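Thanks for coming. Please have a look at the sequence and the model before I start.

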Amino acid sequence: MNAKLVIVHVSGFGQEGDPAYVNRASYDAIGQAFGGYMFINGFPEPMPPTRAVPYTCDYVTALNAAWAALAAYIRVQQTGKGESVDLAQFEMMTKIQLHYPMTYFQDHQLLQRQGNADPKFAGYSSYKCKDGN
């Protein structure tokens, strides 16, 4: 066995936890939905949530897996000990939601979808230019 081995496990729901989920398959849209990311994308009710494109969950998870592997490799260089990293798609989607989960869990306030607008930043939307484009 190689003591310096770095292993990164990527799954939809993690290697440990609720057995009803750990063994389930996942892909981009499932990760976005289960992680709550899909809920915050799209236009306000009664419009349905929208998945973020292109394949946002897959890309974000892959980037985090690469960063985790590199961080573990640096640690191996320093300590000589390998690492095992566990990444779940739904956790990666929760990670990139800014203040939405924190607002819900701390203040019990469910923030609504805003479409292209942002209530905190002026001019943060999509607009038609004066020339019509």
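Is Ala3 buried or exposed? Ala3 is exposed, with a relative accessible area of 56%; buried means under 20%, exposed over 50%, partly exposed in between, with a 1.4 Å probe and protein chains only.

A word on the source. This is a predicted model, where local features need pLDDT of at least 70, side-chain atom pairs count only at pLDDT 80 or more, and totals for chains, interfaces and linings use all residues. Residues are numbered from 1 along each chain as its sequence is written, and side-chain values use heavy atoms, without hydrogens and water.

Back to Ala3. Ala3 sits in the segment before strand 1 (6-11); strands are DSSP runs of E, at least two residues, and helices runs of H or I, at least four, numbered from the N terminus. Leaving out residues up to four places away in sequence, Ala3 touches Gly80, Lys81 and Gly82, where contact means heavy atoms within 4.5 Å. Pro54 is 51 residues from Ala3 along the chain, and their C-alpha atoms are 38 Å apart.

Now the pockets. On a 1 Å grid over the protein atoms alone, a pocket is an open set of points where a 1.4 Å probe fits, with protein on both sides within 12 Å along at least five of seven lines; lining residues have an atom within 4 Å of a point. A volume is the space filled by probe spheres set on the points, which are joined across faces, edges and corners.

The largest pocket has a volume of about 580 Å³. It is lined by 22 residues, and Leu98, Tyr100, Gln114, Ala117 and Asp118 are the closest to its centre.

The second largest pocket holds about 200 Å³. Helix 5 (residues 100-107) gives the largest share of its lining, 4 residues.
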